[in-house]
Amino acid sequence: QVQLVESGGGLVQAGGSLRLSCAVSGRTFYNMAWFRQAPGKEREFVVVISSTGSMTNYADSVKGRFTISRNNAKNTVYLQMNSLKPEDTAVYYCAAAFKWGIYPYVYDYWGQGTQVTVSS
């Protein structure tokens, strides 16, 4: 059984930074991704990192501003978010999958989400 628990969300002004964490219990050698969902919108892919951390894929909307990393010894995945914009406001979800992809259906396990609000 795999459980994912996100933390680190909050309220920040535009231009600010936040770091999200996703603590993983159980098997850790999954590809790990972050998705986000704003009110009234579909869940949106943000970034994925491979099980070893050697590969990443970012959505164009966050490229150059967000950085994903993982520490398998600590069973934790991080999302460093810089230069935040009001349009980054959403609930951010951590997800795990054996497969590689950018669509929610690829992912087998999900966290409960953490709210990120960026004020203008």
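# Briefing: strands, salt bridges and a surface patch

R36, E44, R65 and D88 are linked in a network of salt bridges. A salt bridge here is a side-chain nitrogen of Lys or Arg within 4 Å of a carboxyl oxygen of Asp or Glu. This is a predicted model, in which local features need pLDDT of at least 70, side-chain atom pairs count only at pLDDT 80 or more, and totals for chains, interfaces and linings use all residues. Residues are numbered from 1 along each chain as its sequence is written, and side-chain values use heavy atoms, with hydrogens and water left out.

**Salt bridges**

- Side chains of opposite charge can pair when their charged atoms come close.
- A search of the whole structure finds four salt bridges.
- One of them joins the side chains of R36 and D88, at 2.9 Å from N to O. This pair links distant parts of the chain. R36 sits in strand β4, and D88 sits in the loop between β8 (76-81) and β9, 52 residues apart.
- Strands are DSSP runs of E with at least two residues, while helices are runs of H or I with at least four; both are numbered from the N terminus.
- R36 is buried, with a relative accessible area of 6%. Buried means under 20% relative accessible area, exposed means over 50%, and partly exposed lies in between (1.4 Å probe, protein chains only).
- D88 is buried too, at 0% relative accessibility.
- D88 also forms a salt bridge with R65, at 2.7 Å from N to O. R65 lies in the loop between β6 and β7 (66-71) and D88 in the loop between β8 and β9, so the pair ties together parts that are 23 residues apart in sequence. Both D88 and R65 are buried.
- D60 forms a salt bridge with K63, and their closest N and O atoms are 3.1 Å apart. D60 and K63 are both exposed.

- Two strands pair if DSSP finds at least two bridges between them.
- β4 (residues 31-37) and β9 run antiparallel and are joined by seven bridges. Here Q37 stands opposite V91 in β9.
- β9 also pairs with β11 (residues 114-119), in the antiparallel sense, over three bridges. A90 has V116 in β11 as its bridge partner.
- β10 pairs with β9 over two bridges, again in the antiparallel sense. A95 has W110 in β10 as its bridge partner.

- β5 (residues 44-49) is mostly covered, with five of its six residues buried.
- Five bridges join β4 and β5 in the antiparallel sense. R36 stands opposite E44 in β5.
- The hairpin of β4 and β5 has six residues between the strands, and G40 there takes a positive phi near 80°.
- β5 pairs with β6 (residues 56-58) in the antiparallel sense over three bridges. V48 stands opposite N57 in β6.
- The hairpin of β5 and β6 has six residues between the strands, and G53 there takes a positive phi near 85°.

**Two residues and their contacts**

- S21 lies in strand β3 (residues 18-25). S21 is buried, with a relative accessible area of 15%.
- Leaving out residues up to four places away in sequence, S21 touches V5, E6, S7, W34, T76, V77 and Y78. Contact means heavy atoms within 4.5 Å.
- A14 lies in the loop between β2 (10-13) and β3. A14 is partly exposed, with a relative accessible area of 40%.
- A14 and N82 are 68 residues apart in sequence and 9.5 Å apart in space, C-alpha to C-alpha.

**A nonpolar patch on the surface**

- I102, Y103 and Y105 form a nonpolar surface patch, with about 370 Å² of accessible area together.
- Patches are made of residues with over 30% relative accessible area and no salt bridge; like charges are joined within 9 Å, and nonpolar side chains (Val, Leu, Ile, Met, Phe, Trp, Tyr) within 5 Å.
- Accessible areas come from the Shrake-Rupley method with a 1.4 Å probe; for residues, only the protein chains shown count as cover.
- Y105 is found in the loop between β9 (90-97) and β10 (109-110). Y105 is exposed, with a relative accessible area of 68%.
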